[in-house]
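Dear colleague,

I am handing over the structure below, together with a short account of what was found in it. Please read the account with the structure open beside you.

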Amino acid sequence: MLNVHLLQSEPRVTLGAAPPTIGPDIEARVDEIWQREKELRSHDLYNGRLFSVDYCDAKTIVGWLSEYRYFLAQRREPSLHATLKIKPLAVTGILSCPDGVLFGRRSARSEMDAGCWELVPSGGVNDAAVGPAGQVSLERCILIELEQETGIGASELSAHSRAVALVEDPQSHVTDVGIMLATASPAAQIQRRFAALENREYSELEIVAPAELRAFRRDRAGSLGAVSAALLDALMQAGL
């Protein structure tokens, strides 16, 4: 079961924790899994650096940068978490436009929640969001995801981003920060921008009117990503 905590303000996110020491046997196993995955899907695999949480509360998140291959190995063999201790930090945007709230259906080739619907934009926090002093900008991260996934730029937002919730998944070890976004762009314009993208992370987008959110949540219960479902439930209950 996911744990959801509503936020009063955006937590301060920084680098500051040391990664765990990994012995040669575990390193060899991680490399074996990585090489196998590269053979299966080399064109989709990139060993970037993701933010892994060491400490987290409503005001402060501290962690380190980990190579993606460690997280992938941990997903393939969950028992490796005891040594690797990867707890990725992610962002999930709740993007409102004049016609409703934006959802996307993840492509079948996605590593996480393939074929599921989720709030858009969404993605992991990586080294692109880290400043020179080790501070992490969640706003920068969500804006990068927004442009990559929808084609909408920061200049098209009608309000500043606002962190509203933390969602912790004990099973996947992922912590998501839910962030409110708003744009004056209508649904038709958003769909045109999306259609023009060369590399799409979603197979389709849907804009759901506020009055239809509860029905959408109910009707897509079996295909709505767990984090998006938990966020929707908490925010609708709180009247946000």
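What radius of gyration would a compact globule of 240 residues have, and what does the protein chain have? The rule for a compact globule gives a value near 18 Å, and the protein chain has 18 Å, which agrees. Please bear in mind that this is a predicted model.

Overall form. The C-alpha trace of the protein chain spans about 55 × 40 × 35 Å along its principal axes. Seven helices and twelve strands are found in the chain. Of the contacts with a separation of 6 or more, 69% are between residues 24 or more positions apart.

Burial and surface. Of the 240 residues in the protein chain, 45% are buried. The accessible surface of the chain comes to about 11900 Å², and carbon and sulfur atoms account for 49% of that surface.

Charge. The protein chain carries 32 negative and 24 positive side chains. The centres of these two sets lie 1 Å apart.

One residue in detail. C116 lies in the loop between β6 (100–106) and β7 (117–119). Leaving aside residues up to four places away in sequence, C116 touches G104, R105, R106, S223 and G225. As for S223, this residue is 107 residues from C116 in sequence, yet the C-alpha atoms of the two are 5.0 Å apart in space.

With kind regards

Definitions and conventions
Residues numbered from 1 in each chain as written. Predicted model: local features only at pLDDT ≥ 70, side-chain atom pairs only at ≥ 80, totals over all residues. Heavy atoms only, no water. Helix = DSSP H or I, 4+ residues; strand = E, 2+ residues; numbered from the N terminus. Rg over C-alpha atoms; globule rule 2.2 N^0.38 Å. Buried < 20%, exposed > 50% of the residue type's maximum accessible area, 1.4 Å probe, protein only. Contact = heavy atoms within 4.5 Å. Areas by Shrake-Rupley, 256 points an atom, 1.4 Å probe, with all protein chains shown as cover. Lys, Arg positive; Asp, Glu negative; His and termini not counted. Charge placed at Lys NZ, Arg CZ, Asp CG, Glu CD.
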